Amino acid sequence: MNITEIKDLMAQFDTSSLREFSYKTSEGELVFSKNDRQVVSDTPAVSPSTVAPVPTIQVEESSLNETISETVSGEGEGDIVDSPLVGVAYLAPAPDKANFVSIGDTVKKGQTLLIIEAMKVMNEVPAPKDGTITEILVNNEEVVDFGKGLVRIK
C-alpha cells in the first residue's frame, strides 16, 4: 500500500460510522480505532519503599453508629423517587430550557420530574404522587443506576 491509499482509507474511516477497522497484508497491518483507550505510560511504577505509611484513625463505635444512622435515614423529608432504569438523567427537556422541577415546586401525580436517556430513548420519570419537591438528588447529565434516588417528594 502506498501513502495515498492509506490516507484515502483514513479519510473514509473518519467519515464512516465504524468504530474500529483493521487491514492486514503480508507487508504489514493497519489498525484504525475511534474508541477511547487508556494511555500506558513508560514511567516505572512506584516501589513500595517510597510509599508513605497511611495513618490510622481511632473512632469511637458510638459516634460511628450515629454517623451511619444519620446517613442511612437521610436529612430530607419525604419519599424518594428511584430511577426505574440505568441511563443519563436530564433535569430539563433541552439544554436551553428550564428544569422540569425545582426544590419547592408543587407537583401533581404523573407530572414529569426528569428524563432518563437509555439506548437513545428518552424516558420520562413521572411523579408517583402529589406533593412538593424537597430535594433533587442527581445532577444534570449524571449517569444513574437502577434504584438510585432521583428526587424527594413530601
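# Strand pairs and salt bridges

Biologist: What joins strand β6 (residues 112-118) to β7?

Modeller: Six bridges do, and the two strands run antiparallel. Thr112 has Pro126 of β7 as its bridge partner. This is a predicted model, where local features need pLDDT of at least 70 and side-chain atom pairs count only at pLDDT 80 or more, while totals for chains, interfaces and linings use all residues. Residues are numbered from 1 along each chain as its sequence is written, and side-chain values use heavy atoms, with hydrogens and water left out.

Biologist: What makes β5 and β8 a pair?

Modeller: Strands pair if DSSP finds at least two bridges between them. Strands themselves are DSSP runs of E, at least two residues, numbered from the N terminus. Two bridges join β5 (residues 106-107) to β8 (residues 131-136), so the pair meets the rule. Thr106 stands opposite Thr132 in β8.

Biologist: How many bridges hold β8 and β10 (residues 149-153)?

Modeller: Three, in the antiparallel sense. Ile136 is bridged to Val151 in β10.

Biologist: In the open sheet of four strands, what is the order?

Modeller: β7-β6-β4-β9, with antiparallel pairing. β7 (121-126) and β9 (142-144) each have a single partner strand, so they stand at the edges and one side of each lacks a neighbour in the sheet.

Biologist: Why is Asp79 with Lys129 called a salt bridge?

Modeller: The term needs a side-chain nitrogen of Lys or Arg within 4 Å of a carboxyl oxygen of Asp or Glu. The closest N and O atoms of Asp79 and Lys129 are 2.7 Å apart, so the pair qualifies. Asp79 lies in strand β3 (residues 79-82) and Lys129 in the loop between β7 and β8, 50 residues apart. By this rule the count is three salt bridges.

Biologist: Glu135 and Arg152 also meet in a salt bridge. Is Arg152 buried or exposed?

Modeller: Buried means under 20% relative accessible area, exposed over 50%, and partly exposed in between (1.4 Å probe, protein chains only). Arg152 has 8%, so the residue is buried. Glu135 has 25%, so that residue is partly exposed. Their N to O distance is 3.0 Å.
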